Amino acid sequence: MNCDAVVKSIPFYFYGEVAPDAEDAIEEHIEACAPCRVEWERQKALASALDRHALAPSPELLAECRHDLARAIYREESPVVRRSASDPWGLFREAFSSLWRPGIRFRQPVGAVALIALGFFAARFTGTWPAGASLAGFTPDAMVSSIRSVQPDNAGSVQISLDETRRRVVSGRLDDHNIQRLLMAAAREQDNPGVRVESVELLKDRGSSAAVRGVLLEAVTHDPNPGVRLKALEGLKSFAADAEVRKTLAQVLLKDQNAGVRIQAIDLLIANRDAATVSTLQTLIGKEDNNYIRMRCQNALRNMNASVGTF
Amino acid sequence: MLQDAAGAVSARAVARVDEATVIRAVQRGDQDAFEQLVRAYDQSVLRLAMNLLRSPEDARDVYQEAFLRVYRNIHTFRFDCSFHTWLYRIVTNICLDHLRKRKVRREESAIVETADGPVDRMDSFEQEGTHANPERRMWNTQLGDRIENALGDLTPRERTVFELRHYQGLRLRTIGEMLGTSEEAAKNCLFRATQKMRVVLGDLV
């Protein structure tokens with residue numbers, strides 16, 4: 001190894017980034033060559049000076065950051081949580097649980113009213129509704145103005161809280177057709193993302209129904225909340241080979257603003273490869289500004305023996 | 001030494017919790033697990049942001065934005081890389097954006113005017129290895145200024161690669177993966193960064 005090669009390798013040698021045989025050669029050279037030894041000493045001095053001027057966060061700054069984070073998460077979810085906790089992490093927990101925990105009661109006043117005719121309940125109410133279901137007194141021609149909460153339980157039932165002229169709670173099993181219809185309506189509840197998340201979560205395992213799949217496709221394309229879109233994508237996982245689903249996934253991949261949604265769409269698309277997927281991924285690489293997604297596309301195209309660019 | 005410290009922090013984080021279990025709990029909606037995850041990594045995230053951006057305000061912004069992104073996207077995490085790599089990819093992307101914006105606008109002064117008179121923003125940092133000897137301190141101040149200038153001369157990508165290799169102790173292969181580039185490209189960045197700093201600091205080290 002000559003001096004030029006050793007001098008160029010010194011930074012990598014210092015950081016342990018050269019192969020073991022090259023390491024031995026550099027060590028031997030430095031031992032025998034005074035000018036290269038000086039270069040080595042300078043490298044060590046530079047590293048030592050940089051170490052002395054490294055910056056460490058003060059405990060106060062770290063505490064402020066944690067406080068700010070908890071507040072920011074709380075603010076993000078504040079329309080749907082109860083403001084009772086006093087410490088920041090308590091607020092954060094409330095916010096977090098409002099997004100995730102099944103059955104949380106959303107207290108946000110519902111603005112726009114999506115009126116849903118519930119005539120179908122009448123038939124259920126008059127005889128075949130399961131014993132113990134709380135539909136007593138439900139008016140057959142009732143109108144639902146909004147759905148407040150959707151709360152599944154471990155026994156496979158779901159409790160749906162809805163507003164008509166006054167709020168009412170109805171219960172039924174998830175495999176009940178009318179409950180599913182109500183959940184599909186809830187998945188479109190414009191003003192309450194929590195209700196939409198919970199409804200799509202419950203519907204996502206029932207994508208074999210064309211109507212449910214339609215709701216999932218609508219959610220993944222149009223829902224403004226990325227959490228809802230991600231849940232809907234999960235529900236479409238088993239139908240990633242379906243032509244309509246693939247067409248929607250390609251649109252999502254090219255248009256969705258959320259990187260997490262785009263990554264999930266890539267995963268579903270590349271599980272069933274076809275020529276259209278190659279074209280979609282090539283188009284995406286040209287416009288994608290997220291390095292990780294570009295890398296995923298490149299890897300997928302390589303695995304499909306397709307070129308990374310279009311010509 | 002710092003590399004050892006970074007490695008030790010990481011090792012402690014892993015030893016303290018079964019990370020995969022915690023992440024799965026977060027994905028199921030366990031808020032305590034999310035707090036645990038934040039606390040396992042947030043010191044090293046803040047340190048990375050501070051050393052990259054040399055500004056407490058920017059580091060604070062990066063901290064918040066990074067963990068908010070984790071919070072919003074944790075359910076997309078598929079364990080096809082380590083959580084550490086995933087998190088640092090988020091942090092370095094945000095830092096790179098800050099550095100690029102900073103290149104466009106005029107470099108901010110470290111001294112800001114306050115009601116109590118001029119304040120050096122860098123006072124919010126604790127500098128490691130400070131010395132009591134006045135001469136030594138003066139020499140250190142001079143060296144510190146030159147280091148700030150040397151780091152300022154690096155491109156955002158060179159600075160990021162250097163920070164991740166020198167201060168965070170990450171392998172070039174991992175750095176390449178985080179930045180969406182090759183190990184070779186990361187290696188070239190590290191070489192250019194080292195050379196530039198040796199030119200600027202040559203007479204002091």
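Reply: Start with a term: helices (H or I, at least four residues) and strands (E, at least two) are DSSP runs, numbered from the N terminus. This is a predicted model, where local features need pLDDT of at least 70, side-chain atom pairs count only at pLDDT 80 or more, and totals for chains, interfaces and linings use all residues. Residues are numbered from 1 along each chain as its sequence is written, while chains are lettered from A and ligands numbered from 1 in the order in which they are written.

Me: In which helix is the place of Glu244(A), and is Glu244(A) buried or exposed?
Reply: Glu244(A) sits in helix 11 (residues 243–255) of chain A. A residue is buried if 20 or more other C-beta atoms, placed from the backbone, lie within 10 Å of its own, exposed if 12 or fewer, and partly exposed in between. Glu244(A) has 12 C-beta neighbours inside 10 Å, so it counts as exposed.

Me: How many helices and strands does chain A have?
Reply: Chain A has 311 residues, and 37% of them are buried. Its secondary structure comes to 14 helices and 6 strands.

Me: What is the mean pLDDT of chain A, and over which residues of chain A is the pLDDT under 50?
Reply: pLDDT is the predictor's confidence in each residue, from 0 to 100. For chain A the mean is 75, and 73% of its residues reach 70 or more. Where pLDDT is low, the predicted coordinates should not be read in detail. One stretch of chain A where pLDDT stays under 50 is residues 97–143.

Me: Are helix 8 and helix 9 of chain B roughly parallel or roughly perpendicular?
Reply: Their axes come within 8 Å and cross at roughly 105°. Axes are lines fitted to C-alpha atoms, for helices over the stretch in contact, and angles run from 0 to 180 degrees between N-to-C directions. Angles under 35 degrees count as roughly parallel, over 145 as roughly antiparallel, 65 to 115 as roughly perpendicular and the rest as oblique. So helix 8 of chain B is, relative to helix 9 of chain B, roughly perpendicular.

Me: What is the phi of Arg54(B), and is Arg54(B) buried or exposed?
Reply: Arg54(B) is in the loop between helix 3 and helix 4 of chain B. Most residues other than glycine have a negative phi. Arg54(B) is not a glycine, yet its phi is positive, about 50°. With 21 other C-beta atoms within 10 Å, Arg54(B) is buried.

Me: Is Phe79(B) buried or exposed?
Reply: Phe79(B) lies in the loop between helix 4 and helix 5 of chain B. Its phi is positive too, about 65°. Phe79(B) has 11 C-beta neighbours inside 10 Å, so it counts as exposed.

Key:
Contact = placed C-beta atoms within 7 Å.
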